[in-house]
Amino acid sequence: QLQLVESGGGLVQPGGSLRLSCTASGFTLDYYAIGWIRQAPGKEREGVSCINNSDGSTYYADVVKGRFTISRDNAKNTVYLQMNSLEVEDTAVYYCAADPSTGRCRDLEIWGQGTLVTVSS
């Protein structure tokens, strides 16, 4: 069974940091672009970041650019999202998802169950 499992969410104060992990089981992440997508309460899902599988190129939504960093460790079959300078508006469920074909997170076929990030004082 192909699975993605997110971890690392939690409660953090504004200005704090968290690192999310997305680990694959049943398949190798080497051949997939991996995206992080979030959904805040009452809002639609929005793409946060994406990392290409072939050249390692990355994409960030404007609202997180300069604060979030996506990286991958293929040896650990894991992708990370380092989140710094967190804001209340970053509160959401964060999902990772795998794209087997486009390299740009446009065909996300495998999804994790999500991890909750709450930014609050």
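**Close-up views of a predicted model**

View 1. Alanine 97 stands opposite tryptophan 111 in β10. The model is predicted: local features need pLDDT of at least 70 and side-chain atom pairs count only at pLDDT 80 or more, while totals for chains, interfaces and linings use all residues. Residues are numbered from 1 along each chain as its sequence is written, and side-chain values use heavy atoms, with hydrogens and water left out. Strands are DSSP runs of E with at least two residues, numbered from the N terminus; two of them pair if DSSP finds at least two bridges between them. Strand β10 (residues 110-111) runs antiparallel to β9 and is joined to β9 by two bridges.

**View 2. Two aromatic pairs occur in the structure.** Rings pair when their centres lie within 6.5 Å; planes under 30 degrees apart count as stacked, over 60 as edge-to-face and the rest as tilted. Both phenylalanine 27 and tyrosine 32 are buried. Tyrosine 95 counts as buried because its relative accessible area is 14%, whereas tryptophan 111, at 33%, is partly exposed. Buried means under 20% relative accessible area and exposed over 50%, with partly exposed in between (1.4 Å probe, protein chains only).

**View 3. Strand β9 is mostly covered.** Seven of the eight residues of β9 are buried. β4 pairs with β9 in the antiparallel sense over seven bridges, and arginine 38 stands opposite tyrosine 94 in β9. β11 is likewise antiparallel to β9, joined by three bridges; there, alanine 92 stands opposite valine 117.

**View 4. An open sheet of four strands has the order β1-β3-β8-β7.** Its pairing is antiparallel. β1 (3-7) and β7 (68-73) are the edge strands, each pairing on one side only. Six bridges join β3 (residues 18-25) to β8 (residues 78-83), with leucine 18 partnered by methionine 83. β7 and β8 are also linked by six bridges, and phenylalanine 68 stands opposite methionine 83.

**View 5. The largest nonpolar core has 30 residues.** Such a core joins buried Ala, Val, Leu, Ile, Met, Phe, Trp, Tyr and Cys residues through side-chain atoms within 4.5 Å. Leu4, Trp36, Leu81, Met83 and Tyr94 have the most contacts inside this core. β3, β4 (33-39), β5 (46-51), β7, β8, β9 (92-99) and β11 (115-119) each supply at least two of its residues. Beyond neighbours within four places in sequence, the contacts of methionine 83 (heavy atoms within 4.5 Å) include Leu18, Phe68, Tyr94 and Val117.

**View 6. Arginine 67 lies in the loop between β6 (58-60) and β7.** Because its relative accessibility is 11%, arginine 67 counts as buried. Its side chain makes a polar contact of 2.7 Å with the side chain of aspartate 90. In a polar contact, N or O atoms lie within 3.5 Å, one able to donate a hydrogen and the other to accept it; residues adjacent in sequence count only if both atoms are side-chain atoms. Not counting residues up to four places away in sequence, arginine 67 also touches residues including Gln82, Met83 and Glu87.

How values were computed: Phe/Tyr/Trp six-rings, centres within 6.5 Å; stacked < 30°, edge-to-face > 60°.
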